[in-house]
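I opened my notebook for a friendly first look at this structure. Here is what I looked up, entry by entry.

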Amino acid sequence: PIVVPVKLSAIAWSITDKQITSIVQLSPPSGNPPSPKVEIVNTYTAIRDQIADLVEHRFGLDDATKSSWVAVRKDLLSSTMNDVAAQANICISVSAQSAKQNASSKIKLPSGAGIECSSDRSCESSRTCNFEASVDRRDCDACILSRPRLCSPRVCAFGGCVGGGCTGGGCIQRGRDPVCALAQGVQNDIYRAEAAGKKLDCERLKATEKATCEVEKAGEKLLCEAGKETLNRIAATGNFANLDVGTEVKTNGLSVCLRDFKMSPTFDNVSFALDVNGSASADIDVKFVPLDIVGHLACQFPWTESKTFTASLRESRVNIASKVGLVVESAKARLDFAVDEIPIKARVSPSPTEFLLTSVNMNVSCAGMGLVRPLVVSLTPFIPELRGEIENRVPAQNVATDLDLPVQSIGNLKLKVAARDNPLAFILLGTPAQ
């Protein structure tokens with residue numbers, strides 16, 4: 001069920017001695033109308049001028065009185081299409097469909113020309129070698145100069161006592177205890193030495209890691225360069241084989257759903273995504289005929305094999321973008337769509353490498369399997385197709401759809417219809433048919 005995304009909110013008429021004009025305002029089913037109400041003086045002239053102003057500025061028609069016309073705003077069409085597509089949740093289910101095709105190709109041994117052996121791997125260590133030395137913060141404050149303390153004896157005679165008691169004492173000057181300060185300095189020297197040792201050890205580890213990385217990086221490049229050279233030498237021996245392939249592809253519960261449909265308000269760009277679920281199976285008949293040096297060294301006799309493969313998309317969502325334009329030439333009109341390139345990424349199971357290495361007929365017919373196996377294994381990392389990873393690119397293309405513009409009858413009057421557009425609206429113009 002699709003709910004109409006707009007409702008009729010207002011309609012206005014203007015009748016002059018030359019033309020009848022009707023303007024219809026549509027708005028979302030809920031919420032306020034898209035434009036604020038305009039207060040118009042209740043006179044014929046005010047209403048006529050207001051409608052004429054709307055026709056010119058909301059639809060871009062500056063010659064509205066010269067012909068019969070129908071116009072619709074582009075933003076209304078685009079928002080309606082977007083809303084309907086979102087509600088519809090459009091999906092197509094495909095099952096029990098099959099297609100057959102035959103192909104013959106010559107297998108050329110790939111060279112190392114396209115393989116890039118330089119690496120962007122960074123060997124800089126992420127270690128941080130900044131170590132703050134600990135600090136001995138003991139308090140070495142002490143009294144370094146004291147007043148002398150004098151005491152006199154108490155003498156008692158003839159019934160009385162004199163003298164006795166002490167005077168003086170106390171600290172005259174305070175300062176750092178030299179013994180404490182010496183111990184504190186020694187301890188801080190130990191802390192600084194420990195920090196310097198940690199930094200030195202860290203820098204050593206950092207340099208070792210970088211050197212190890214550089215060695216590994218150089219080894220990887222040498223290995224890659226050796227692989228490239230091996231491929232170049234093998235490619236120089238000629239072609240490997242002729243391969244005749246008969247394929248019957250069957251879909252297995254395949255469904256394609258339209259998602260995120262968005263037409264631009266100016267109706268010049270459209271984008272959407274296709275969500276693809278399900279898989280396809282392919283019954284493949286292979287005939288292998290060895291060619292040139294490597295082919296005959298590996299396989300002395302032609303061989304045939306039948307196998308069923310399963311294909312699935314590696315990325316289930318396919319994004320598509322297109323530019324849209326109305327083109328009017330003479331009395332004809334068409335919509336032009338410019339569709340960007342579309343990558344289709346699939347995975348085949350079992351992979352061609354697995355198929356080649358486990359083929360019974362290939363093992364029987366090819367006495368040189370010892371040559372074929374390492375060749376296939378060494379080529380697999382460099383050739384996505386051997387890993388079963390297939391990428392097909394649908395090239396960018398232009399699609400044109402002709403718009404049928406028939407002669408329209410209004411009573412006894414027949415009008416010839418022509419199309420045009422401007423930044424605001426699509427317009428159909430009617431002129432008396434000859």
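My entries below go from a sheet to its helices and then to the nonpolar cores.

I am reading a predicted model. I looked up an open sheet and found four strands in the order β3-β22-β21-β20, paired antiparallel. I then checked its edges: β3 (68–73) and β20 (407–410) each have a single partner strand, so one side of each has no neighbour in the sheet.

I asked myself how many bridges join β3 to β22. I found six, with β22 covering residues 425–432 and running antiparallel to β3. Within this pair, I saw S68 standing opposite G430 in β22.

Which strands does helix α1 lie across? I found α1 (residues 44–59) across β3 and β22, at about 55° to β3. Helix α2 (residues 74–88) lies across β3, β21 (413–421) and β22, and I noted an angle of about 50° to β3.

I looked up the largest nonpolar core and counted eleven residues, among them I51, V55, W69, A71, I427 and L429. The elements giving two or more residues to this core are α1, β3 and β22. I picked out A64, another member of the core. Leaving aside residues up to four places away in sequence, A64 touches Q19, V55 and W69. Finally, I found a second, separate core of nine residues, including M263, V270, V324 and A333.

Note on methods: Residues are numbered from 1 along each chain as its sequence is written. This is a predicted model: local features need pLDDT of at least 70, side-chain atom pairs count only at pLDDT 80 or more; totals for chains, interfaces and linings use all residues. Side-chain values use heavy atoms; hydrogens and water are left out. Two strands pair if DSSP finds at least two bridges between them. Contact means heavy atoms within 4.5 Å. Axes are lines fitted to C-alpha atoms, for helices over the stretch in contact, and angles run from 0 to 180 degrees between N-to-C directions. A nonpolar core is a set of buried Ala, Val, Leu, Ile, Met, Phe, Trp, Tyr and Cys residues joined through side-chain atoms within 4.5 Å. Buried means under 20% relative accessible area, exposed over 50%, partly exposed in between (1.4 Å probe, protein chains only).
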